[in-house]
Amino acid sequence: MTLKQALMPLLVAAALSACAVGPDYQRPGLALPQGSEQAQVDAHWWRQFGDATLNRLIADAQQYNRDLQQTAARVDEAAAAAGAARASQLPQVNASLSGARAQTSRYSSGAGALGENYSGGLSASWELDLWGKEARKREAANADLAQSRRLLDAARQSLSAQVASTYFQLLSYDAQLAAVQATLQGREESLTLRKKRFNGGMTSELELKQAEAEAAAARAAVPRLRQAVVQTEHALAVLTGTNPRELVQPVARGKTLEALTVPPQVPSGLPSDLLLRRPDVAAAEAQLVAANARIGVARAAYFPSIGLSAGLGSASFELSKLFTGPAQTWNYAANLAAPIFNNGEISAGVDAANARQKQALAAYEKAVQSAFADTLDALSAVRTSQEAETAQGQQLAAMREALRLARLRYDAGYSSYLEVLDAERSVFQLEQSLSDARLARLNAVVSLYSALGGGWQPG
């Protein structure tokens, strides 16, 4: 008899185990708004800002970030578990080979005799999955693997958004520092002029002290912003997995905050299923699939467990004749174990599996709700931040003109120096506010990309 013939009962049993207890998964029906366009997810949404340095920083973060490496290792762990679940459905085949040599006692037979005994063979065992318990286990394990992969995708998206926001914050501090340094230079020049005029008796000590105070205020803002720049560089270096020895090196810059390309507006009518592909939503659905499959695993405990085994081998007193003709041996065996009375343990297990499925369903529905809420909030933020930046720019332009006129009036003797100081303070504050408004607009776009699970492309 060949090994194929010995394993034939197992193959027949495998064909009989196509039925699986428990509910088959069906995606929950949700009342989603319908879009008028087809779209595809753009995973590299940050390229829309047109900054090669930002692209490189995000690439470094996705390769070297330590938190992301931990999440990737969890995917490897889930893949190993899924592989083990698949292996449990296949026959376990083992090989054996043994040999012994013994001498019989001379007191029992009158003379001692040497004897040899050799045996070898293959054995296979398998649990007959008539009720689909192992199939449901594999389904759950595959869903767990899918969930871990989606969580990794979500972690990548979150990390990319964090790197982009931190980089934009760095550019914002750069812009504010440049504005403060320019203001300080202007106030130092004004202070020098006030001193000359005071020494010449052309102006009062009050104007001189006011000029000194304004120059000192600008001077004090410089180290504060420099410290903010350094701290933001360190935060960006940690996100990108920079070697600790390189933390003292400044982070490279690409475009200035004002020169960054603001991505185009979101086209109207994006389809709702774009949000269902968001990594965290997909992960929540995978968790629901796994919980649904484990209901079948729990229900299968009600049914008997049938184990099969088969063996094919050879036994001989001579090693040279071990695998020849009459030395061949074979065996089949089967066992059955069925639950009789367990004080409701199986019923409680099924109830627990159903409860976990309900929890996963609620979590999935909440993930979808949150995705839509995040998107609506981000769309609103993109619109309002653009309006705020435009208004802030108009206000700054008007105040700069007011400052020019105030200086002309003061030089002509029509107004006091206090009018010039007020205009300078307003310009200084508005320059900072405009930088903040630009940063808010860029961050709103990043939030929108995060809410959509990436960018969008026409289908």
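## A one-turn pair in helix 2

Arg56 and Asp60 both sit in helix 2 (residues 52-64), four residues apart, which is about one turn of the helix; helices here are DSSP runs of H or I with at least four residues, strands are runs of E with at least two, and both are numbered from the N terminus. The two side chains form a salt bridge in which the closest N and O atoms are 3.3 Å apart, a salt bridge being a side-chain nitrogen of Lys or Arg within 4 Å of a carboxyl oxygen of Asp or Glu. Arg56 counts as partly exposed because its relative accessibility is 39%, and Asp60 is likewise partly exposed, at 22% relative accessibility. In these terms, buried means under 20% relative accessible area, exposed means over 50%, and partly exposed lies in between, with a 1.4 Å probe and protein chains only.

## Basis of the model and overall make-up

This is a predicted model, in which local features need pLDDT of at least 70 and side-chain atom pairs count only at pLDDT 80 or more, while totals for chains, interfaces and linings use all residues. Residues are numbered from 1 along each chain as its sequence is written, and side-chain values use heavy atoms, with hydrogens and water left out.

The chain holds ten helices and six strands, and buried residues account for 38% of its 459 residues. Of the contacts between residues at least 6 apart in sequence, 83% join residues at least 24 apart, where contact means heavy atoms within 4.5 Å.

Two packed helices are described by the angle between their axes and the distance between the axes. The axes of helix 5 (residues 133-199) and helix 10 (residues 417-452) come within 9 Å and cross at roughly 170 degrees; axes are lines fitted to C-alpha atoms, for helices over the stretch in contact, and angles run from 0 to 180 degrees between N-to-C directions. Helix 5 is therefore roughly antiparallel to helix 10, given that angles over 145 degrees count as roughly antiparallel, under 35 as roughly parallel, 65 to 115 as roughly perpendicular and the rest as oblique. The residues of this contact between helix 5 and helix 10 comprise eleven nonpolar, ten polar and six charged; Ala, Val, Leu, Ile, Met, Phe, Trp, Tyr, Cys and Pro count as nonpolar, Asp, Glu, Lys and Arg as charged, and the others, Gly among them, as polar.

For helix 6 (residues 205-239) and helix 10, the axes come within 10 Å and cross at roughly 10 degrees, so these two helices are roughly parallel to each other. On the helix 6 side Glu207, Gln210, Ala211 and Glu214 meet Tyr417, Leu418, Leu421 and Arg425 of helix 10, and the contact of helix 6 with helix 10 has four nonpolar, one polar and three charged residues.

Arg194, placed in helix 5, is buried yet has no salt bridge, the nearest side chain of opposite charge being that of Glu207 at 4.4 Å; for charge, Lys and Arg count as positive and Asp and Glu as negative, while His and the chain ends are not counted. Leaving aside neighbours within four places in sequence, Arg194 is in contact with Thr203, Glu207, Leu208, Ala211, Tyr410 and Tyr417.

Glu189, also found in helix 5, counts as exposed at 51% relative accessibility, and its C-alpha atom is separated by 9.3 Å from that of Ala215, 26 residues apart along the chain. Ala216 in helix 6 is partly exposed at 34% relative accessibility, and Ala216 and Glu188, 28 residues apart in sequence, are 9.1 Å apart in space from C-alpha to C-alpha.

## Further salt bridges

Side chains of opposite charge can pair when their charged atoms come close. A search of the whole structure finds 22 salt bridges, and Arg187, Glu214, Asp422 and Arg425 are linked in a network of them.

Asp374 and Arg278 meet in a salt bridge at 3.3 Å, N to O, and this pair links distant parts of the chain, with Asp374 in helix 9 (residues 345-411) and Arg278 in the loop between helix 7 (273-276) and helix 8 (279-300), 96 residues apart. Asp374 is partly exposed, with a relative accessible area of 35%, whereas Arg278 counts as buried at 5% relative accessibility.

The side chains of Arg409 and Glu419 also meet in a salt bridge, at 3.1 Å from N to O; Arg409 lies in helix 9 and Glu419 in helix 10, so the pair ties together parts that are ten residues apart in sequence. Arg409 counts as partly exposed at 38% relative accessibility, and Glu419 counts as partly exposed at 33%.
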